[in-house]
Amino acid sequence: MENITETSAPIMAPVLAPAGKMLSEAWGFYKQHATTLSLIGIVPAILLLPSVFNIGLAGIFVISILSGVVSLITQNALMLAVAENGTPADGVGGVYRRGLSLFIPIVWASFLSGVAVLGGVLLFVIPGIIVGLYFSVYRFEVVLERRRGLNALLASWPLAKGYLG
């Protein structure tokens with residue numbers, strides 16, 4: 001009987017471009033798509049406008065909760081717009097609708113990630129930090145790859161691992 005040993009090459013992450021080049025490309029992308037990205041980004045500012053008036057403690061609480069929800073939806077919409085090369089086929093309203101539809105999956109994955117990180121921190125601090133780093137890209141999995149919950153976290157792990165060693 002033949003003894004077969006399997007060797008596997010380590011998975012290597014692609015080499016990142018220098019920071020200056022990435023910033024330059026990001027700025028060029030923003031300039032090219034400034035109207036769309038600005039329209040998406042202005043919605044939270046408009047919703048926070050009432051907070052400059054004297055609306056009382058209850059009003060501030062409501063505005064704070066609302067701004068958190070809208071900010072999360074806006075981040076989803078921006079991520080979708082950038083993934084579609086800055087020109088979403090369904091426009092600004094469409095990426096907001098799709099961003100809204102991802103609100104609950106993002107909150108659920110965030111909760112699961114938080115529980116995992118808390119568990120790692122309670123064991124020792126370092127495992128919590130490591131788990132947090134490995135789960136750091138779950139939002140991209142939820143928004144761009146349409147993975148949900150634990151599947152998004154598990155898909156995040158190898159993506160981050162390639163850059164963390």
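Figure 1. Where pLDDT is low, the predicted coordinates should not be read in detail.

**Figure 2. Confidence along the protein chain.** The chain has a mean pLDDT of 85, with 91% of its residues at 70 or more. Among the elements of the chain, the highest mean pLDDT, 94, belongs to helix α1 (residues 19-32). The lowest, 85, belongs to helix α8 (residues 149-164).

**Figure 3. Helix α3, residues 56-83.** Helix α3 comprises 28 residues and spans 40 Å between its first and last C-alpha atoms. This span is close to the 40 Å expected at 1.5 Å a residue. Just after α3, residue N85 adopts a positive phi of about 60 degrees.

Figure 4. An α-helix has 3.6 residues a turn, so residues three or four places apart point the same way.

**Figure 5. Residue G132 in helix α6.** Helix α6 covers residues 125-134 and contains G132. G132 counts as partly exposed because its relative accessibility is 25%, a value in between the 20% limit for buried and the 50% limit for exposed. G132 and W157 are separated by 25 residues in sequence, and their C-alpha atoms lie 9.7 Å apart in space.

How values were computed: Residues are numbered from 1 along each chain as its sequence is written. This is a predicted model: local features need pLDDT of at least 70, side-chain atom pairs count only at pLDDT 80 or more; totals for chains, interfaces and linings use all residues. Side-chain values use heavy atoms; hydrogens and water are left out. Helices (H or I, at least four residues) and strands (E, at least two) are DSSP runs, numbered from the N terminus. Buried means under 20% relative accessible area, exposed over 50%, partly exposed in between (1.4 Å probe, protein chains only). The expected span of a helix is 1.5 Å times one less than its number of residues. pLDDT is the predictor's confidence in each residue, from 0 to 100.
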